[in-house]
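Subject: Structure for you to look at

Hello,

I am handing over the structure we talked about, with my notes below it. Please open it alongside the text.

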Amino acid sequence: MAEVSIQKLADDIGTSVERLVQQFADAGIKKSAGEQVNEVEKKTLLDHLSKQHGGRGNDEPKRMTLSRKSTSTLNVKSSGKSRAVTVEVRKKRTYVKRSDAEVARLAEEAKKAEEERLAAIEAERQAAEEAKKAAQEKAQKEAEARAKKAEEEKAHREAQKQKEKEEEKHLSPEELAEREKVRAETEKLRLQQESEAQRKLEEEAKKAEEAARKLAEENERRWKEEEEKRKKQEAEEVHLHSSRYAQEAEDKEDLQVERSSRRRKGKKKKDAGAGLQHGFNKPAAPVERIVRLGETVTVGELANRLAVKSKEVIKTMMKMGEMATINQVLDQDTAILVVEEMGHKYELVNENALEDELLSEQGNDEKSSRAPVVTIMGHVDHGKTSLLDYIRKAKVADGEAGGITQHIGAYSVETENGKITFLDTPGHAAFTAMRARGATATDIVVLVVASDDGVMPQTKEAVQHAKAAGVPLIVAVNKMDKEGADPERVRSELSQIEVISEEWGGEYQFVNVSAKTGMGVDELLEAISLQAEVLDLQAASTGAAKGLVIESRLDKGRGPVASVLVQEGQLKAGDIMLCGLEYGRIRAMKDENGHDVAVAGPSTPVEILGLSGVPAAGDDALVVSDERKAREVASKRSIKQRELKLARQQKSKLENMFANMEAGNVSELNVVLKADVQGSVEAIADSLTGLSTEEVKVIIVGSGVGGITETDASLAAASGAILVGFNVRADATARKVIESEEIDLRYYSVIYDLLDEVKQAMSGMLSPEFKQQIIGLAEVRDVFKSPKLGAIAGCMVTEGIIKRSNPIRVLRDNVVIYEGELESLRRFKDDVQEVRNGMECGIGVKNYNDVKVGDQIEVFEIVEVKRQI
């Protein structure tokens with residue numbers, strides 16, 4: 001190795017000796033000014049200096065750029081003169097070294113892509129073989145079917161020939177010859193048809209064979225191309241991996257021309273591994289997905305879960321006979337049918353996990369005896385409220401509009417036999433749902449039947465509700481103080497609906513009472529207490545409360561008010577309660593008399609304040625520990641109810657669309673209904689909907705609890721509805737809208753009046769009936785011929801009046817032979833408008849000249865008859 005002194009090296013590179021010695025020391029080599037350095041030490045110093053300035057030292061370069069410049073001269077002719085132009089071409093090419101990991105990754109990707117491609121080719125080949133096999137099987141089955149059919153036809157022809165031979169024994173020679181001729185022509189025609197059919201079959205077989213041959217050749221060609229392509233790519237891959245550097249796509253060409261500006265051409269990037277890329281291969285077999293379905297799902301969401309476009313789901317539903325849009329909500333049953341129709345599987349999921357978690361928080365506290373809940377049921381005006389009124393020593397019936405109960409009243413009464421909770425239900429036919437709700441929330445049903453009136457429709461309905469709920473029944477035969485009281489008649493009529501008294505060998509207690517005098521009330525309470533002891537009623541008296549919403553309303557000063565019957569646990573002010581779609585912290589509790597209640601135990605009815613809205617009557621009331629969870633459950637229930645309602649409405653629209661189109665236009669009476677309590681809204685809405693007929697339908701556009709607001713008035717104006725207020729009134733802003741929009745507003749306090757007036761309104765919307773009424777009859781006595789008018793009938797008016805402007809019928813032997821109109825009506829020589837009974841006249845019938853003596857001419861008019869519901 002050549003060595004050189006520190007002094008000489010410093011002079012060669014143009015630096016001081018002290019600095020060079022310091023740099024050697026930094027590089028780990030201790031030298032003095034007079035010492036020698038060899039090539040290895042110099043290379044070590046260079047690596048050290050390179051690393052200090054951001055280099056890589058003695059590592060191999062990761063990037064290498066090669067430049068080349070060439071100059072040439074061109075002779076350019078301009079204006080007749082030749083000039084020499086110097087052209088300089090500069091080329092630069094850059095090579096980048098790939099890391100071992102990247103090279104290995106590319107090789108792995110290429111191998112994986114090749115395996116996938118080969119698997120796709122194999123799957124496609126198997127599919128082609130299966131298709132070919134299926135086609136062969138189909139052709140074989142068709143040939144067997146044709147052979148079988150030919151044998152059957154041959155047997156049929158043989159039987160037909162045998163039958164014809166039997167018949168020919170009785171025919172004449174001429175008939176035999178004629179039949180033989182027909183038979184020959186028929187046989188000739190049959191042979192021609194068979195020949196034509198055979199020719200068509202052979203052509204079809206040739207076409208099928210040719211198509212199969214072409215398909216096989218195409219598949220063979222494609223497989224050869226794929227194999228050649230694979231081998232070529234393997235060769236390229238070996239070549240690429242053997243090279244140390246991969247070419248980066250970066251070419252620059254600069255042309256520099258004198259007297260012109262430089263122009264740069266854009267770079268072209270070429271990927272060395274571009275040949276290794278593969279296109280997407282369609283799956284050989286259809287993909288079967290498992291779709292998770294809740295209670296509702298929109299068409300768009302279902303399409304996303306199936307990984308298809310929305311139009312495919314809509315197309316499938318159209319094939320199933322239903323029109324749909326992308327935002328339409330489908331119920332669970334419909335979604336299941338669509339998923340199965342599209343060849344996928346489904347899995348039903350529970351969307352009520354949070355709700356189940358809240359319900360599971362209810363503890364199993366120790367149970368103790370509780371007071372019975374008794375529901376008073378029966379026909380309207382049979383004295384239910386008056387009987388309860390006597391027990392409570394209060395005047396409840398006097399406060400009811402029209403003397404009838406229009407919502408459920410819950411009362412707790414202290415008797416000698418202990419505490420009893422009474423529920424008073426309406427008896428009118430419209431309050432079916434409220435009576436059913438009373439029957440399900442109760443332990444004992446007291447059926448009140450008037451002794452002078454007997455069993456009525458709502459009496460039978462109350463018995464059905466009690467039996468359906470499996471609740472014991474006690475019959476109170478009321479109004480025993482009246483002269484026409486007949487308790488035996490009540491027992492007899494009730495026995496016909498399988499309610500047999502204990503005196504007659506049945507299982508039902510009958511108690512004769514009088515709500516007016518108090519007769520038999522003590523016996524009734526004893527019967528209730530006895531029945532309660534038999535039932536051994538128990539409930540948890542501690543822990544979180546659970547109950548049922550009996551009634552609800554919107555109070556102007558206090559907000560939403562709900563009457564809740566506590567069934568288990570203790571309800572206290574401050575508890576967080578979840579009632580159906582509403583929730584809230586209880587601010588106050590009051591009993592039926594308006595007194596504050598601190599704690600309400602089982603079988604206690606209370607009014608609670610503090611809910612977020614008016615709950616629906618019949619909803620379960622549940623005390624929970626977490627207000628956030630209660631809010632979330634209420635929100636989910638609300639969304640679910642809205643989606644279910646929308647799904648049902650849409651389903652109903654789709655199912656009835658074609659029926660409505662066939663039936664034509666149907667008149668609609670839109671109603672916006674507001675009432676004081678939820679139960680009344682429910683009862684009135686059901687009754688109004690039940691009034692609908694095939695021609696006139698009642699549609700409840702909107703309903704709610706509380707006074708009539710500006711929103712209700714705007715809704716009625718937009719939908720052309722009438723506003724109905726039941727024990728509520730419109731506020732000032734609503735009245736302004738009602739006056740400006742001229743909305744029909746009706747107030748009611750008795751349900752009979754409401755239903756009667758709605759019936760009248762619906763009757764006015766019915767299309768009228770037209771009836772033909774005969775007003776006169778004339779008998780033809782003679783017929784005259786007129787050159788201008790044709791046949792003129794000389795008639796005698798036998799009944800009524802003959803009018804010139806009315807339609808007529810011509811009768812012959814009481815059979816209508818012509819229907820038209822009069823062309824002329826004369827009395828002697830004068831034209832007249834009408835001819836009365838007993839007078840003669842001349843009648844010319846328009847466009848009819850076949851009038852004969854003895855015919856009758858009937859004159860009638862069309863009268864409009866108004867219809868009623």
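Helix α10 (residues 384-392) and helix α14 (residues 521-535) have axes that come within 11 Å and cross at roughly 90°. The two helices, α10 and α14, are therefore roughly perpendicular to each other, since angles of 65 to 115 degrees count as such. On the α10 side the residues involved are L387, Y390 and I391, and they meet V521, L524 and L525 in α14. By class, the contact of α10 with α14 has six nonpolar residues, with no polar and no charged ones. Please bear in mind that this is a predicted model.

Helix α1 (residues 6-13) packs against helix α2 (residues 17-26) at an angle of about 105°, and their axes are 9 Å apart. That angle makes α1 roughly perpendicular to α2. From α1 the contact takes in I6, Q7, L9, A10 and I13, while α2 contributes V17, L20, V21 and F24. Eight of the residues in the contact of α1 with α2 are nonpolar, one is polar and none is charged.

Next, the sheet. Seven strands form an open sheet, and the order across it is β23-β22-β27-β19-β20-β26-β24, with antiparallel pairing. Its edge strands are β23 (582-585) and β24 (588-590), each of which pairs on one side only. From one strand to the next, the twist averages 35°. In general, the strands of a sheet pair through backbone hydrogen bonds, in either a parallel or an antiparallel arrangement.

At one end of that order, which strand does β24 pair with in the antiparallel sense, and over how many bridges? The partner is strand β26 (residues 604-609), and the pairing runs over three bridges. For M589, the bridge partner in β26 is I608.

Some totals for the whole chain follow. Its secondary structure comes to 19 helices and 39 strands. The chain has 869 residues, of which 36% count as buried. It exposes about 52,400 Å², and carbon and sulfur atoms supply 48% of that area. Taking contacts between residues at least 6 apart in sequence, 68% join residues at least 24 apart.

After that, go to M589 and its bridge partner I608 in β26.

Regards

Methods:
Residues are numbered from 1 along each chain as its sequence is written. This is a predicted model: local features need pLDDT of at least 70, side-chain atom pairs count only at pLDDT 80 or more; totals for chains, interfaces and linings use all residues. Side-chain values use heavy atoms; hydrogens and water are left out. Helices (H or I, at least four residues) and strands (E, at least two) are DSSP runs, numbered from the N terminus. Buried means under 20% relative accessible area, exposed over 50%, partly exposed in between (1.4 Å probe, protein chains only). Contact means heavy atoms within 4.5 Å. Accessible areas come from the Shrake-Rupley method with a 1.4 Å probe; for residues, only the protein chains shown count as cover. Axes are lines fitted to C-alpha atoms, for helices over the stretch in contact, and angles run from 0 to 180 degrees between N-to-C directions. Angles under 35 degrees count as roughly parallel, over 145 as roughly antiparallel, 65 to 115 as roughly perpendicular and the rest as oblique. Ala, Val, Leu, Ile, Met, Phe, Trp, Tyr, Cys and Pro count as nonpolar, Asp, Glu, Lys and Arg as charged, and the others, Gly among them, as polar. Two strands pair if DSSP finds at least two bridges between them.
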